[in-house]
Every structure is written in C-alpha cells, then in structure tokens.
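Subject: Structure for you to look at

Hello,

Here is the structure I said I would pass on. My notes on what was found in it follow below.

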Amino acid sequence: MNLNPSYRTRRVQPMSVPLALAWSHAGVAYRVTPWPEVRFERRYGEDWVEISPTEEALASAAQTCEIGRAHV
C-alpha cells in the first residue's frame, strides 16, 4: 500500500478498438484491427466505416510497416 498523498491511481479506460494499425493513403486515414476480428476501416468524418481496401491502400500500409521497422 502506498501512503504517499501525491500517489494517484489511474483507471484504464476501455477502448473500442484494442489494437489497430493505422496509416494514411492519399490523404485518407485507414486502420486495420487484428482482434477480435480482422476489420479494415476508413475514416469518414468522425466515424470509422468498414471497407474492403484497395490494393493501393494495402501497399501503402505495407510501406508504413516497413518504415516503422527501420526505426526500431
């Protein structure tokens, strides 16, 4: 037990998407969720809408992953 008065507990807020890979292609935001089901989504305003991504959007996601791996 921590008796330090400045110690604060932080509640973790539940997320609607537990894990997602997000990227932008041609100025459009995309994301893919691997769990509990694989879903490809595109941002429309404030909403994420499930889509079937184009080959170009998937290639852009692959490039994003490769760039991210180079910095690890």
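The fold first. Four strands make up an open sheet, in the order β1-β2-β3-β4, with antiparallel pairing. At the edges are β1 (21–25) and β4 (47–50), each of which pairs on one side only. From one strand to the next, the twist averages 30 degrees. Please keep in mind that this is a predicted model.

Inside the sheet, β2 and β3 (residues 39–44) run antiparallel and are joined by four bridges. On β3, the residue that stands opposite Y30 is R42.

Next, the core. The largest nonpolar core consists of six residues, namely W23, V28, Y30, V32, A57 and A61. Two or more of these residues come from each of β2 (28–33) and α1 (55–70). The biggest contribution is that of β2, with three residues.

Two members of this core, W23 and Y30, also need a word on their rings. Both W23 and Y30 are buried. The count of aromatic pairs in the model is one. In that pair, the ring centres of W23 and Y30 are 5.6 Å apart and the planes are at 15 degrees, so the pair is stacked; the cut-off for stacking is planes under 30 degrees apart.

Regards

Notes:
Residues are numbered from 1 along each chain as its sequence is written. This is a predicted model: local features need pLDDT of at least 70, side-chain atom pairs count only at pLDDT 80 or more; totals for chains, interfaces and linings use all residues. Side-chain values use heavy atoms; hydrogens and water are left out. Rings of Phe, Tyr and Trp (its six-membered ring) pair if their centres lie within 6.5 Å; planes under 30 degrees apart count as stacked, over 60 as edge-to-face and the rest as tilted. Buried means under 20% relative accessible area, exposed over 50%, partly exposed in between (1.4 Å probe, protein chains only). A nonpolar core is a set of buried Ala, Val, Leu, Ile, Met, Phe, Trp, Tyr and Cys residues joined through side-chain atoms within 4.5 Å. Two strands pair if DSSP finds at least two bridges between them. Axes are lines fitted to C-alpha atoms, for helices over the stretch in contact, and angles run from 0 to 180 degrees between N-to-C directions.
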